[in-house]
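Open your viewer and switch to the cartoon view. Keep the selection panel at hand.

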Amino acid sequence: MTDGPDVAVRSEAAAPDVPARRASGAGVRVIAGALVIAGAAATAWLGSFAWRHRVAATAHVTPPFALDDSVWRSVRSVARTNGPSCPPSVPIAILYVSRSCVHCEAELQRWAGLVRSGAPELACVGVAVVAPFAQNSAANDWLPPELAHALQWDHGGSIARALDARLVPVAAFVTSAGVVRARAVGESSEAATVERFRSLRWISNVEPGGR
């Protein structure tokens, strides 16, 4: 008679362990689901950021490549140098930015610092800042003072297409013959930018012709 009740007690004591294991599995599935949702949200945010700061362009183009005459004339019209005895045709460094891009703001400050300090690598190298045109951002007061005079609005996106600028900021280093020899996407260190200016000057000095 005692065997029956003892077995029943042992059976009832074991029963709660079954739903406990199920609850644990459900909790893992809930956590995994939350991680998937969080990952999807992060991916969506990054995609949204890239989309907001995209610039329409054609197929990828790898330097070196020549700019067409209209684009070359457009950036030359605003490019300024810090050397009074520079030749008529000089290499140009183009920084393509968007007003709403924090990385562009940081890169603009780096370039402005180089201009302000009179970095020798910038001697006889023109600097142009290009941005997509928007009615609500037509003023140039968002630029550092050292670069405000060098702004060129890209009304139809032709400069973006010519530079293959898909995300901003994009820096293009163009010889005096209008050939893009190097391009950098995103923020760059000051040392890397200085080295690109130095290389641009050297290439322009040995490359024949000018436009």
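This is a predicted model: local features need pLDDT of at least 70, side-chain atom pairs count only at pLDDT 80 or more; totals for chains, interfaces and linings use all residues.

Residues are numbered from 1 along each chain as its sequence is written, and side-chain values use heavy atoms, leaving out hydrogens and water.

**Stop 1: the sheet.** Select the strands (DSSP runs of E, at least two residues; helices are runs of H or I, at least four; both are numbered from the N terminus). Six of them form an open, mixed sheet in the order S1-S6-S5-S2-S3-S4. Strands pair if DSSP finds at least two bridges between them. Strand S1 (65–66) and strand S4 (151–154) are at the edges with a single partner strand each, so one side of each has no neighbour in the sheet.

Stop 2: Select 126–132, which is S3. S3 pairs with S4 in the parallel sense, over 4 bridges. Find alanine 131: tryptophan 153 in S4 stands opposite.

**Stop 3: helix H3.** Select 69–76. H3 packs on the sheet and touches S2, S3, S4 and S5. Contact means heavy atoms within 4.5 Å.

Stop 4: Select H4 (102–117). H4 lies across S2, S3 and S5. Which residues make the contact of H4 with H7? From H4 come Glu107, Arg110, Trp111 and Leu114; from H7 come Glu190, Thr193, Val194 and Phe197.

Methods. Axes are lines fitted to C-alpha atoms, for helices over the stretch in contact, and angles run from 0 to 180 degrees between N-to-C directions.
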